[in-house]
Amino acid sequence: MLKRNTSSLSFEVFPPKTSTAFESVRQATKKIATLRPSFISVTYGAGGGTSDYTLDLAKRIKELYGVPSLAHLTCVSSTRETVRERINAIIAAGIQNVMALRGDIPEHMKGSDRSNWDYHYAVELVHELKNSGYDFCIGAACYPEIHPESSTQKEDIRYLKEKVDAGCDFLTTQMFFDNNLLYNFLYKIREAGITVPVIPGIMPITNANQVERAIMLSGSFMPQRFKSLVDRFGSDPDAMKQAGIAYATDQIIDLYANGLTNVHVYSMNKPDVAKKIQSNLSDILGK
Ligand code: FAD
């Protein structure tokens, strides 16, 4: 799925929660696909409620729009039976690229007896995909700034190694706003013997409200340079959008310059943002 030795971009869409919103997400996805990214990933709703939409979008991206798709799948809030059904549906849809995730632990499961859970960690889903007998290209998540549940980076990387050894073909990172954190992380995982390709995940922050949400969800460190930008332009939507896109573009150029070839943009169903970033990089990408 991944291109080697050439700079490339991939984008992400998320499925709607309701059928009424599906058409607009479909249109947004179609527009993003016209940019011919290296792939488009489709997230998976935590409770499983949007799972049919994930598959529908992933199938469309591949079959109708002619772009490789990557379907996300989570496991912690599902039974083994449901996950196996999902895997069979993915196989039936002809989707080969799957992002194997644990998912966040839902409130109602926190404090419940973990021995009753069918899945505890993403590594178990990686095993399940491997045991399906289908030739999946399996991705998994990694966290340059540590997963919030891990007490140390060393521990986080030890479990990451187990997950990769179970059969991951590549890793995609949580969003980050300071590239040095990624370079430091890459050094540590390579030292720990994790050799699969790592795709850095970049989130263009295009409005001030997104900032708090992004920090809450990811726990990412906000460099002063980024905070100043939000302070200065946060109250002017057009200026903030332009500045956020410029910041993300700058991060991506630095990543390419430092030898990373595939960069994933958390484009959040926004074709205009995806398009702008791509056109900022047109000569670098040869598009
Ligand atoms: P894991 O790899 O299982 O790790 C979770 C925690 O458990 C870590 O702290 C890890 O160190 C620890 N751990 C792992 N194995 C063990 C073990 N054997 N013993 C003890 N501790 C262990 N969520 C969605 O709901 N839908 C999505 O589509 C989605 N896409 C995402 C895409 C990316 C690129 C990223 C970075 C995150 C995504 N998420 C998504 C969020 C993700 O589900 C959460 O971050 C979740 O809390 C962890 O998922 P994981 O697959 O990284 O879990």
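This is a predicted model: local features need pLDDT of at least 70, side-chain atom pairs count only at pLDDT 80 or more; totals for chains, interfaces and linings use all residues.

Let me begin with a charge placed against a ring: Arg 158 lies over the face of Tyr 159, at 4.9 Å from the ring centre.

Another pair is formed by Phe 177 and Phe 226. Their ring centres are 5.3 Å apart and their planes are at 35 degrees, so this pair is classed as tilted. Where do the two residues lie? Phe 177 is in the loop between β6 and α6, the latter spanning 179–191, while Phe 226 is in helix α8, residues 224–233; the pair therefore ties together parts that are 49 residues apart in sequence. Both Phe 177 and Phe 226 are buried. Ring pairs also bring in Tyr 247, so that Phe 177, Phe 226 and Tyr 247 are linked into a cluster.

Next, the ligand. Which residues come nearest to the ligand? Of the 24 residues around it, these are Asp 104, Tyr 143, Ser 150, Asp 156 and Lys 163. By class, the shell comprises 10 nonpolar, nine polar and five charged residues.

Several secondary structure elements contribute to this shell. β3 (69–74), β4 (97–101), α5 (153–165) and β6 (170–173) each supply at least two residues. Among the contributors, α5 gives the most, with three residues.

Ser 150 places a polar side-chain atom 2.7 Å from an oxygen atom of the ligand. From Tyr 44, a backbone N or O atom lies 2.7 Å from a nitrogen atom of the ligand. In the case of Arg 102, a polar backbone atom is 2.8 Å from a ligand oxygen atom. As for cover, the ligand on its own has 980 Å² of accessible area, and the protein covers 86% of this.

Asn 262 is found in strand β9, residues 262–265. Is Asn 262 buried or exposed? At 6% relative accessibility, Asn 262 counts as buried, because the limit for that class is under 20%. Its side chain makes a polar contact with the side chain of Ser 8, at 2.7 Å. A further polar contact joins the side chains of Asn 262 and Thr 261, at 3.2 Å.

Two pairs of C-alpha atoms give a sense of distance across the chain. Ile 87, in helix α3 (residues 80–92), is buried, with a relative accessible area of 3%. The C-alpha atoms of Ile 87 and Ile 205 are separated by 33 Å, the two residues being 118 residues apart along the chain. Pro 68 is located in the loop between α2 (51–63) and β3, and is partly exposed, with a relative accessible area of 33%. Between the C-alpha atoms of Pro 68 and Ser 10, which are 58 residues apart along the chain, the separation is 9.7 Å.

I close with backbone geometry. Which phi value does Arg 36 adopt? Phi of Arg 36 is near 55 degrees, a positive value in a residue other than glycine. Arg 36 belongs to the loop between α1 (22–33) and β2 (40–42), and at 43% relative accessibility it counts as partly exposed. Met 268, likewise not a glycine, has a positive phi of about 50 degrees. Met 268 lies in the loop between β9 and α10 (271–280), and at 31% relative accessibility it too counts as partly exposed.

Thank you for your attention.

Technical notes: Residues are numbered from 1 along each chain as its sequence is written. Side-chain values use heavy atoms; hydrogens and water are left out. A residue is near a molecule or strand if one of its heavy atoms lies within 4 Å of it. A polar contact is a pair of N or O atoms within 3.5 Å; within protein, one must be able to donate a hydrogen and the other to accept it, and residues adjacent in sequence count only if both atoms are side-chain atoms. Accessible areas come from the Shrake-Rupley method with a 1.4 Å probe; for residues, only the protein chains shown count as cover. Helices (H or I, at least four residues) and strands (E, at least two) are DSSP runs, numbered from the N terminus. Ala, Val, Leu, Ile, Met, Phe, Trp, Tyr, Cys and Pro count as nonpolar, Asp, Glu, Lys and Arg as charged, and the others, Gly among them, as polar. Rings of Phe, Tyr and Trp (its six-membered ring) pair if their centres lie within 6.5 Å; planes under 30 degrees apart count as stacked, over 60 as edge-to-face and the rest as tilted. Buried means under 20% relative accessible area, exposed over 50%, partly exposed in between (1.4 Å probe, protein chains only). A charge sits over a ring if NZ of Lys or CZ of Arg is within 6 Å of the ring centre and within 35 degrees of the ring normal.
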